Amino acid sequence: LVTSVLVMIISHLMTGVIVDEFTSALTVAIVLGLLNLFVKPILVILTLPVTIITLGLFYFVINAIIILLCDHFVDGFEVNGFINALLFSIVLSLSQSLVYKLTEDKK
């Protein structure tokens, strides 16, 4: 649910990222989770030499590819171009980290 709300907020703030309704954002969160679970590890392994040469910066490209794949699979979610996907993935990752850091249970 947190990711869904963040997707909605980011889509309103960024031009080039369109989410029709909250159910689309919820679907985006689910599909992103599944793509990160199943596809991303394969991409990371296949591109390991490039990632090492670029000192890990190619990992951002992998995240953008995952966003573009999500755009392909989810109706009601549209990302216009690779640069928008790259920026969206960076902003989403940073905002997720911030929200989870602020809401963690400190015992």
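Axes here are lines fitted to C-alpha atoms, for helices over the stretch in contact, and angles run from 0 to 180 degrees between N-to-C directions. The model is predicted.

**Exercise 1. At what angle do the axes of α2 and α5 cross, and how is the pair classed?**

Step 1. Take the geometry. The two axes come within 10 Å and cross at roughly 130 degrees.

Step 2. Apply the cut-offs. Angles over 145 degrees count as roughly antiparallel, and 65 to 115 as roughly perpendicular. The α2 and α5 pair is therefore oblique.

Step 3. The crossing of α2 and α5 is right-handed.

Step 4. List the contact. On α2 it uses V28, V31, L32, L35 and N36; on α5 it uses I66, I67, L69, C70 and F73.

**Exercise 2. Repeat the analysis for α1 and α2.**

Step 1. The axes lie 8 Å apart, at an angle of about 120 degrees.

Step 2. The α1 and α2 crossing is right-handed.

Step 3. T3, S4, V5, V7 and M8 of α1 meet F22, A25, L26, V28 and A29 of α2.

**Exercise 3. Which members of the largest nonpolar core touch the most other members?**

Step 1. The core holds 23 residues, and C70, F77 and F88 touch the most other members.

Step 2. Assign the suppliers. At least two residues each come from α1 (2–13), β1 (17–19), α2 (22–38), α5 (58–73), β2 (77–79) and α6 (82–103). The biggest contribution, 5 residues, is from α2.

Step 3. Look at C70. Leaving out residues up to four places away in sequence, C70 touches V28, V31, L32, L35 and F77.

**Exercise 4. Where is L55, and is it buried or exposed?**

Step 1. Locate L55: the loop between α4 (48–53) and α5.

Step 2. Check the backbone. L55 is not a glycine, yet its phi is positive, about 55 degrees.

Step 3. Classify. Exposed means over 50% relative accessible area. L55 has 77% relative accessibility, so it counts as exposed.

Conventions
Residues are numbered from 1 along each chain as its sequence is written. This is a predicted model: local features need pLDDT of at least 70, side-chain atom pairs count only at pLDDT 80 or more; totals for chains, interfaces and linings use all residues. Side-chain values use heavy atoms; hydrogens and water are left out. A nonpolar core is a set of buried Ala, Val, Leu, Ile, Met, Phe, Trp, Tyr and Cys residues joined through side-chain atoms within 4.5 Å. Buried means under 20% relative accessible area, exposed over 50%, partly exposed in between (1.4 Å probe, protein chains only). Helices (H or I, at least four residues) and strands (E, at least two) are DSSP runs, numbered from the N terminus. Contact means heavy atoms within 4.5 Å. Angles under 35 degrees count as roughly parallel, over 145 as roughly antiparallel, 65 to 115 as roughly perpendicular and the rest as oblique. A crossing is left-handed if the near helix is turned anticlockwise from the far one by less than a right angle, and right-handed if clockwise.
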